[in-house]
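I opened a new notebook page for this chain.

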Amino acid sequence: MVTTKPTEMSVEEAAEQSADWTLGGELRLNLAALGVDHLAPDFGERLCQFATDNPPWQFEYSAQGELIIMPPPGSESSADEADAIGELYVWRRINGGMSYPSSVGFHLPSGAQRIPDAAWIAQERYDNLTTIERRGTINGAPDFVVEIRSRTDRLPPFLAKMQEWMDGGARLGWGIDPSNHLAYLYRAGQDGPEVLENPETLSGEDVLPGFIFEVRRLIFDRHSEE
């Protein structure tokens, strides 16, 4: 068995390592300037419908009232997400709770509405979802969240989004950086992420007991020539 130890690399060093990534990606629009009230009770539901009507774009909004428009993922990013979602789905079919792909929004206490690449909530929480939550946006962060960095994702916003999930109540988060073979592990109550360099696996720890994701085989090896 190969044991991967946490790298001594800091978040700042990881940022330098990934500095050659192509800039671009999301577009942000000020909703207030457009005359849109993002605090309206039905805004989350209307945003979901707007996203449904405008595939394949994804739409989020920030706590500052910005509409965040994200381009569709490329083929490799879609494959990365599919592997994470698929493995999580298999685990939850046996262990309970509900897993979600990158088409479900979560309304955070900050007022932001965000969409993760993969997510899971505990069974008790799922059983208590309201009818509105079941057909639209779920209130609160997922218990477990995965974000996978695409070629157009700049690192600071990527890590800021991970921290936003944790600040919103997530218990465990994985920020996976395929091209640089890095994993940022976020835990509730932990000051900043633990950075792993080219780990073989990631563990669901005490949040998803027994869940082991072969991140190197399923994701990193796909990007080994980048």
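Strand β11, residues 182-187, is joined to β12 by four bridges, and the two run antiparallel. I count two strands as paired if DSSP finds at least two bridges between them. Helices (H or I, at least four residues) and strands (E, at least two) are DSSP runs, numbered from the N terminus. Within this pair, A183 stands opposite L196 in β12.

A note on what I am reading. This is a predicted model, where local features need pLDDT of at least 70, side-chain atom pairs count only at pLDDT 80 or more, and totals for chains, interfaces and linings use all residues. Residues are numbered from 1 along each chain as its sequence is written, and side-chain values use heavy atoms, with hydrogens and water left out.

Next I looked up the whole sheet. Six strands form an open sheet with mixed pairing, in the order β4-β7-β9-β10-β11-β12. Which strands stand at the edges? They are β4 (98-100) and β12 (194-197); each has a single partner strand, so one side of each is left without a neighbour in the sheet. On average, neighbouring strands of this sheet are turned by 15° against each other, direction ignored. Axes here are lines fitted to C-alpha atoms, for helices over the stretch in contact, and angles run from 0 to 180 degrees between N-to-C directions.

Then I turned to the helix on the sheet. Helix α3, residues 75-95, packs there and touches β4, β7 (118-121) and β9 (144-148). Contact means heavy atoms within 4.5 Å. The direction of α3 makes about 20° with that of β7.

I checked the span of α3. At 1.5 Å a residue, its 21 residues should span 30 Å, and the end C-alpha atoms are 30 Å apart, which agrees. The expected span is 1.5 Å times one less than the number of residues.

Which residues of α3 are buried? I noted S77, D80, E81, A84, L88, W91 and R92. Buried means under 20% relative accessible area, exposed over 50%, and partly exposed in between (1.4 Å probe, protein chains only). Seen down the axis of α3, the buried residues fall within an arc of 100°, so they line one face of the helix. The arc is that of the directions from the helix axis to the C-beta atoms. They pack against β4, β7, β9 and β14 (212-213). On the other side of α3, S75, R93 and I94 are exposed. G96 follows α3, with a positive phi near 95°.

Last, the rings. I found eight aromatic pairs in the structure. Rings of Phe, Tyr and Trp (its six-membered ring) pair if their centres lie within 6.5 Å; planes under 30 degrees apart count as stacked, over 60 as edge-to-face and the rest as tilted. F106 and W165 form an edge-to-face pair, 6.1 Å centre to centre with 85° between the planes. F106 is in strand β5 (residues 106-107) and W165 in helix α6 (residues 155-167), 59 residues apart. F106 is buried at 0% relative accessible area, and W165 is buried at 0% as well.

I also looked at F144 and W174. Their ring centres are 4.9 Å apart and their planes at 85°, so this pair is edge-to-face. Ring pairs link W91, W120, F144, W174, F211 and F213 into a cluster.
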